[in-house]
Amino acid sequence: MMGRKIFISYKYADSNVNNISGSIWGSSTVRDYVDKIEEIIDSSDHIYKAESDGEDLSHLSEEQIWELLKDRIYDSSLTIVMISPNMKEYFKLEKDQWIPSEISYSLKAISRKNKNGDSVTSTENALLAVVVPDRNNSYSYYMDNKKCCDSGCRTLQNSNLFKIMSKNMFNLKEPNKKVCDDGSIIHYGDYSYISVVKWDDFIGDMNIYIDKAYEIKGNISSYDITKEID
């Protein structure tokens, strides 16, 4: 398998997450989880395209940072979005927050000139959402297992996400679904363009979920894709 170029979108300072610092007195932010992913990528043939911890962008304006981020997204083929309890700033418009903008740009085919002056168009990125456990080491703020039908089901609180994320979930044009006796609806198969995985499962075997995201991307025409931010 050829290495993939990976961009990670996340809320850097969200500290309402489980402590993985290794110290019983310490605390963690989502950046610590990204560092773990970066360590694995560095030991594999994947290429990490987002910023590294300690990279100083303080001298740049927001416009300059955005241009830098766009360059890195353009040169990536997979965007991983870290879902965390405080990823959204409810007092700011979604279009003024980094994560929705990064997802929107990831979903667009962008045409640019190469060094020879030729126009080169990128394809839409594969997308994968990784759910970070909260301070109590629980995922229930976003996902939970319930007794739906006889087999049970996993429920997702998509109202807690940015709209551009939730609109690209459960968006398979011809979904395979079943209505339970209690009126619950269960979806089967790859029903979302943005698939979702728990951190514990993802970090156990990252390549399984990365491969699945690329498999879904290969079937992108089967999904109703939302590329713009409301």
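On a 1 Å grid over the protein atoms alone, a pocket is an open set of points with protein on both sides within 12 Å along at least five of seven lines, and its lining residues have an atom within 4 Å of a point. The structure described here is a predicted model, in which local features need pLDDT of at least 70, side-chain atom pairs count only at pLDDT 80 or more, and totals for chains, interfaces and linings use all residues. Residues are numbered from 1 along each chain as its sequence is written, and side-chain values use heavy atoms, with hydrogens and water left out. Helices (H or I, at least four residues) and strands (E, at least two) are DSSP runs numbered from the N terminus.

**Second largest pocket**

- The second largest pocket has a volume of about 210 Å³, where volume is the space filled by probe spheres set on grid points joined across faces, edges and corners.
- Its lining has 15 residues, and those closest to the pocket centre are Arg-154, Asp-190, Ser-195, Val-196 and Lys-212.
- Helix 6 gives the most to this lining, with four residues, while strand 8 (153-156) and strand 11 (195-198) each supply at least two.
- The lining divides into nine nonpolar, three polar and three charged residues; Ala, Val, Leu, Ile, Met, Phe, Trp, Tyr, Cys and Pro count as nonpolar, Asp, Glu, Lys and Arg as charged, and the others, Gly among them, as polar.

**Largest cavity**

- The structure holds one cavity of 30 Å³ or more, a cavity being a set of grid points where a 1.4 Å probe fits but cannot get out.
- Helix 2 (62-74) and helix 3 (98-106) are the elements that give two or more residues to its lining.
- The lining of the largest cavity has four nonpolar, five polar and one charged residues, among them Tyr-74, Tyr-105 and Lys-108.

- Helix 1 (residues 30-42) has 13 residues and reaches 18 Å from first to last C-alpha, close to the 18 Å expected from 1.5 Å times one less than its number of residues.
- Its buried residues (under 20% relative accessible area, 1.4 Å probe, protein chains only) are Val-30, Arg-31, Tyr-33, Val-34, Asp-35, Ile-37, Glu-38 and Ile-41.
- Strand 1 (5-9), strand 3 (78-83) and helix 5 (199-204) are among the elements that cover these residues.
- Leaving out residues up to four places away in sequence, Met-82 touches residues including Val-30, Tyr-33, Val-34, Ile-37 and Trp-199, with contact meaning heavy atoms within 4.5 Å.

**Loop residues**

- Asn-137, in the loop between strand 6 and strand 7 (143-146), has a positive phi of about 60 degrees although it is not a glycine.
- Asn-137 counts as partly exposed because its relative accessibility is 43%, and the partly exposed class runs between buried and exposed (over 50%).
- Phe-170, in the loop between helix 4 (163-166) and strand 9 (176-179), has a positive phi near 50 degrees and is partly exposed at 36%.
- Tyr-191 lies in the loop between strand 10 (185-188) and strand 11 and counts as buried at 15% relative accessibility.
- Not counting residues up to four places away in sequence, Tyr-191 touches Arg-154, Phe-170, Asn-171, Leu-172 and Tyr-223.
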